[in-house]
Amino acid sequence: MLQFSAKRRHPTGFELDVAFDADRQVTSFFGPSGSGKTTVLMLIAGLYRPDSGRIRLGERTLVDTEARIELAAERRRVGLVFQDHLLFPHLSVEGNLRYGLRRRKRDSRPVDFERAVEVLELGDLLGRFPRNLSGGERQRVAVGRALLAGPELLLLDEPLAGLDETLKQRILDYLERVIEQWRIPLIYVSHGVAEVQRLAQQVIVLEQGRVAAQGAPAEIFAKLKPPA
Amino acid sequence: MLTAEEWSALRLSFQVGAWAVVGSLPAALALGYVLARWSASSRWFSQAAKWLVQVAIDLPLVLPPVVTGYLLLRLLAPKGPIGSYLQAWFGVRVLFTWPAAAIAAAVVSFPLMVRSIRLAFHAVDPRLEFAARSLGAGRLNAFLTISLPLARRGVAAGCILAFARSLGEFGATMMVLGSIEGQRTIPLAIYTLVYQPGGIERSWRLVVISIVLACGALAMSEWLERRQTLREEV
């Protein structure tokens, strides 16, 4: 349901040349830091522009450099959960959650506010501000915020980075609940083997801006050496 | 406590300063934001363009104010490019009225405003704008609901600095406003008073007011800028 093919040269000289199809519930991008995983997400979300390429989500073309089509980021209906959560510091948790909700397009997937708060257990946090939340709480709010915008595709960029083991497991539990409840396709970027094995049905391995391997988690991790 | 002439100077200075700030705020916001977010590519003309824009904006800071005033005088004169346009379309003559002083003050304090605003937006993580756009906010909406609120302290600091500079503007104001009794800003009033008999003693009140206003404005602006650059850490 996501068809991706793009080339991009970053001002620093980093070159990305990636093509893949993602049609499973959870597709994971796996690879070392600097391999281009975040760049791929930014391209799908429309926050970066490819030098050449074509990205299609379902029936919609998000970008096609040859046909000169480029859908603005705010119209792509692609949710993004950033590595640093990037919650708005001047808004409360509820304000953050409702930010995307308020800007939802008419035909996007309906995600009920109360249900999202319930599934992610955010009820007690609604009146608080991001600076008074713990790392795990911030991540849950970030997931909720992206979810409530009613995206067709949810992108998560190393959502468990910087969390301790117990917290990681808890967030993974929440993610599984979200998947079960709303069935929104996920693209999950990580360099952690355990999380990928737990969540993903398809793994794409990136190395230095290129696809090194694709397949089911079991076969991919059987072949891979441990990351350096 | 103050004479009628002193009150008139105070009122005019405040009026000129307020309008100078209000009038230049939209442009200062736009330029400050663009400069903060513009990461010039390594290509030489991109770097050159950015440098040129910065120099053009900062020029009034370094140009002698009377020179700025002279240029404005030429532009706003009834036969000048801007003056003739205003005359033809609106029937107004701006020279030697307080709006001319507001324009002069705006030009002279513009670089200070842009600088504060640029620093303010620089302190706001641009990725927050990315986050807003990924949630469905267009660029302008993201700017208004995320960037601007988070930059408000720096923007306020810029406005206060610009206001203070406007209050102190003398050279350019003198050129475009002239020195008409009853229509003098504080610096003009002090200047006129000082050379009259007993003037040095009589002008001390306005001098004290000027110093107090300047110190107060600087202190507030400095405090606000400091609070701004301590990025709201989340």
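A: In this predicted model, helix H5 of chain B passes helix H8 of chain B in a right-handed crossing; a crossing is right-handed if the near helix is turned clockwise from the far one by less than a right angle, and left-handed if anticlockwise. Helices are DSSP runs of H or I with at least four residues, strands are runs of E with at least two, and both are numbered from the N terminus. H5(B) covers residues 98-122 and H8(B) covers residues 152-168; they pack at an angle of about 160°, and their axes lie 8 Å apart. That angle makes H5(B) roughly antiparallel to H8(B), the word used for angles over 145 degrees, while under 35 counts as roughly parallel, 65 to 115 as roughly perpendicular and the rest as oblique. The axes are lines fitted to C-alpha atoms over the stretch in contact, and angles run from 0 to 180 degrees between N-to-C directions.

On the H5(B) side, the contact is made by B:Ala105, B:Val108, B:Ser109, B:Leu112, B:Met113, B:Ser116, B:Ile117, B:Leu119 and B:Ala120. H8(B) contributes residues including B:Gly154, B:Val155, B:Leu161 and B:Arg165. Two residues are in contact if their C-beta atoms, placed from the backbone, lie within 7 Å. By class, this contact holds twelve nonpolar, five polar and two charged residues; Ala, Val, Leu, Ile, Met, Phe, Trp, Tyr, Cys and Pro count as nonpolar, Asp, Glu, Lys and Arg as charged, and the others, Gly among them, as polar.

H5(B) has another partner in helix H3 of chain B, residues 65-76, with an angle of about 130° and axes 11 Å apart. That makes H3(B) oblique to H5(B). H3(B) passes H5(B) in a right-handed crossing. B:Pro65, B:Thr68, B:Gly69, B:Leu72 and B:Leu76 of H3(B) meet B:Ala100, B:Ile103, B:Ala104, B:Val107 and B:Val108 of H5(B). This contact has eight nonpolar and two polar residues, and no charged ones.

Helix H4 of chain B, residues 81-90, has one buried residue among its ten, so it lies largely in the open. A residue is buried if 20 or more other C-beta atoms lie within 10 Å of its own, exposed if 12 or fewer, and partly exposed in between, with C-beta atoms placed from the backbone. After H4(B) comes B:Gly91, with a positive phi near 65°.

Chain B also touches chain A, in a contact that takes 17 residues from chain B and 22 residues from chain A. On the chain A side, strand E7 (78-81) and helix H2 (93-102) each supply at least two residues. E7(A) gives the most, with three residues. The chain A side divides into 14 nonpolar, three polar and five charged residues.

Chain A itself has seven helices and eleven strands. Of its 228 residues, 43% count as buried, and its C-alpha trace spans about 45 × 40 × 35 Å along the principal axes.

Residues are numbered from 1 along each chain as its sequence is written, and chains are lettered from A and ligands numbered from 1 in the order in which they are written. As the model is predicted, local features need pLDDT of at least 70 and side-chain atom pairs count only at pLDDT 80 or more, whereas totals for chains, interfaces and linings use all residues.
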